[in-house]
Amino acid sequence: MVSSSCYETTLNLPSVDLSKPLNPSSISSLSEACHQWGFFNIINHGIPKSLYEDIRSFSNHVFDLSSKTKLKLGPSSSLKTYTPHFIASPYFESLRVSGPDFHSSAQDSIDVIFHENHHEFSDILEEYGNKMTELSKKIMKIVLMILGDGFDSRFYDSHFNNCHGYLRINRYSPPTYVKEKETTEGLGMHTDMSCITIVYQDEIGGLQVKSKDGRWMDIVPSEGTLVVNIGDLLQAWSNDKFISSEHRVVLKKPVNRLSIAFFWCFEDEKLIVAPNEVVGNENTRLYEPFVCSDYLRFRESNEEGKFEKVGFTVKDFVAHNTKNCLLSIKNPSEGDTYPVQRYLSRPADLCINKLAPSGDAKGKAKTIDEDLSKPFKEVLKYPFIRRIVEFSSLGHRMPENAKIYDGTGDPEDQVGRFVGIGNQGEWPMPRGIPAKIRTSAVGTANDRNQRFSHGNNRRRSEHKFAAIVPERHAPYVPPQRPHQEFHRPKAILTLDSLSSNPHEILATEHQLNLPQPAPLVRVPSKENLNRYCDYHNEKGHSTNDCFHLKRQLEIALESGKLNHLVKDVRQRGKVGQRSNGPQKAKVINMVQCHPPDRKRKTTMTDEEWMNVPIIFPPVPARDLSEEALVVEAEVEGYLVRRIHIDEGASIEIMFEQCFNMLHPSIRSKLVETQTTVSGFSREQVKPLGKIELDVCFRGARRCRRTITKFTVIPAPSPYNIILGRPGLKQLRAIPSTIHGMMKFPTPWGVATIVSQTPVVFECRREGKKQIVEPRENVKMQDNVSPTEQVLINPAFGIAGSE
Ligand SMILES: O=C(O)CCC(=O)C(=O)O
Ligand SMILES: [Fe+2]
């Protein structure tokens, strides 16, 4: 029986004894559990305890390796089997092994991180993977049996025979201060993207499922028991007869926790449509037919390693309703042909229709047209979908300034605007959304990327798919972008520097061979109905306004292919020259620069996104750092290395060697200053002046831009810039020497910049050289009395006296 009360938070799930045939009473309690909770237990499953002990010992071997070693399998590696801390949560890390050949999948990872062969590890994981595969098939049949009499024989072979599985070993390492009474999430709320998931959790516990009334219920571990939960795909296939519940893992004790999740999934090309018998004559089909891989792509992020997609469920998923991606797909399992809207995953996929019940009682789905009179249904493919959809149901309208994305601007800017509106309270979006959703995770992008990097799953499915998808619906390949970050550094030459506009360039510069753009995703609004884009060959915006064309032209311009159109001949070839690589022996590396056109002043107002907790993980003794923090940032479009983060400095310093590398138009902004700078031995340096510059600090995928005032010093230094207390305050940054990193909030979450150890050593060597060499530019100035003296780097102290 499933039992819980208002006060009790422990969920007693029914246990299926796999060594015995099901009896009517166990069928009924199982059916109730699948419907109400989407969770049940299994016992006598035949997985020996010793196998779990072996996996525990293996996983300790792996997770106890240094971060550097583990990251060889991390999100930026080719295998991507390891998820490091701070992606799903600060306390969660995991390793995945994919079927059907679990041995070679495990061996691939093991070969990368261990010097010795360790085939015993792959043997163990193969044994576990194969056992779980068999178990999944068995459970799948039981679940079908519960769904309807004879459904196992009716549907198993035709629908579930091509399922495949992968496993993930999860280790949770809570902070030492974790308390039972407080909620520390090891893994945030999510639903699984599988048909079913089989979870082994060790004796520590912490797995919780959310009840329909929003309470978190503990699923208490019990030896010899495995937990099974229904995933999103089965929820959709069963027409909500079974539910995929939101669950999470909380950390209650300061001890490591191990769990192993085995995800059993439909094949990628599977058309998911609830069979008529499953829907039932008296019910309607709740989900439009969709292709499995489309849902997985919907859940996964375009950007590698991003976990923000969790918190979405299959209910949030609907394909795009453009005619371009409406296909007729024959369901091989049933023989019927269904209209299916394909989901095109691409940067501009920002509008998604809310799922609505449709289809007739006989189960024939019909496609619903987007209702343009309800703009709140137009939501961003970003971490906000769900909340916004729910929010819209309160009957609010989207505020005037939250324009629907129309394909002409930078999609990321649209996201930024949208978040900004929410944060400014102009749109009463529930508070704390980004932070909350950011912490949730799993079963997501990483897993899929990683799954495809093993075996031939991906290739096989793409091949099959090609047979049913016409060529014009080939998967979208996003245009190559020089940076995957939110703000691309601006080019030294903008499209405005050209003598032709985008429309003219498209018509005449055929040698550019621009890639075919992906079809537009939304129906044009009335006012844009007459605008035609020659690049897209579609109505909706004009060629000159086409963001995608502009981006392609910028790329062409940056690579020198449009030099002949540059208006000012003196500028021609500049970009091409620069792309030959960093300039020799220059400490400041010029990536791109531009005469500044637009300044984004940062205010010291309290934005909601600034007020998020910034957490640093515990550092094991061997990883503690005592090195200086040295990072890089973009300054006026230049990538400047050797920026020393110095909490002892009361102003921001730019050293002359760096200043001299800036474009003259930028240098001309230098203004005089009365500040003097003095060293330990009281030698004083008259600064060249002060200058306000646009600085952009980037963490992975997140950045912050500020206007920072630098005092320019004519003195040698191993550093280009010293970022002191005011700069840190402006960024609200928290540097940590022992972690060798700095963190700061951005509208998209907390960004982390890691200090670059080789650069630190480079600076140290350079610093030593400078100590022995005389400082030519340093003069003694006796007539100034410093009012404040602050250590800014090993070579200098500064004293401000304006
Ligand atoms: O660690 C656990 O107990 C559950 C893990 C989980 O929910 C998942 O990996 O999807
Ligand atoms: Fe899960």
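Guide: A nonpolar core here is a set of buried Ala, Val, Leu, Ile, Met, Phe, Trp, Tyr and Cys residues linked through side-chain atoms within 4.5 Å. Buried is under 20% relative accessible area, exposed is over 50%, and partly exposed is in between (1.4 Å probe, protein chains only). This is a predicted model, so local features need pLDDT of at least 70 and side-chain atom pairs need 80 or more, while totals for chains, interfaces and linings use all residues. Residues count from 1 along each chain as written, chains are lettered from A and ligands numbered from 1 in written order, and side-chain values use heavy atoms, without hydrogens or water.

The largest nonpolar core has 70 residues, and the ones with the most contacts inside it are Phe40, Ile42, Tyr128, Met140, Phe160, Leu234 and Trp237. Helix α5 (residues 119-147) supplies the largest share of this core, at 13 residues. Helices (H or I, at least four residues) and strands (E, at least two) are DSSP runs, numbered from the N terminus.

Let's zoom in on Ile42. Skipping neighbours within four places in sequence, Ile42 is in contact (heavy atoms within 4.5 Å) with Val16, Leu18, Leu135, Ile139, Ile198, Gly224, Thr225, Leu226 and Val228.

First, follow α5 to a partner helix. The axes of α4 (residues 102-113) and α5 come within 8 Å and cross at roughly 145°. Those axes are lines fitted to C-alpha atoms, for helices over the stretch in contact, with angles from 0 to 180 degrees between N-to-C directions. On the α4 side, Phe102, His103, Ala106, Gln107 and Ile110 make the contact, and α5 answers with His119, Phe121, Ser122, Asp123, Leu125, Glu126, Gly129, Asn130 and Thr133. In the loop between β4 (92-98) and α4 you'll find Pro100. A cis peptide bond joins Gly99 to Pro100, with omega at about 0°.

Now go to Trp237, one of the residues with the most contacts in the core. Helix α7 spans 232-237, and the loop running from α7 to β11 (247-250) holds Asp240. Asp240 has a phi near 70°, which is positive even though the residue isn't glycine. Most residues other than glycine have a negative phi, and most peptide bonds are trans. Asp240 counts as buried because its relative accessibility is 15%.

Strand β11 brings us to an open sheet of four strands in the order β6-β11-β8-β9, with antiparallel pairing. The edges are β6 (185-190) and β9 (216-218), each pairing on one side only. From one strand to the next, the twist averages 30°. Two strands pair if DSSP finds at least two bridges between them; β8 (residues 207-210) and β9 have three, running antiparallel. Across that pairing, Lys210 stands opposite Trp216 of β9.

Strand β27 covers residues 721-723 and runs parallel to β21, joined to it by three bridges. His644 faces Ile722 in β27 across that pairing. Strand β21 (residues 638-645) is largely enclosed by the rest of the structure, because seven of its eight residues are buried. Another partner of β21 is β20 (residues 629-635), paired in the antiparallel sense over six bridges, with Val631 opposite Ile643 of β21.

The hairpin of β20 and β21 has two residues between the strands, and Glu636 there takes a positive phi near 50°. Gly637 also sits in the loop between β20 and β21 and is buried, with a relative accessible area of 10%. Gly637 and Leu693 are 56 residues apart in sequence, yet their C-alpha atoms are 9.9 Å apart.

Zooming out, the chain has 21 helices and 32 strands, and 56% of its 802 residues count as buried. Of the contacts between residues at least 6 apart in sequence, 75% join residues at least 24 apart.
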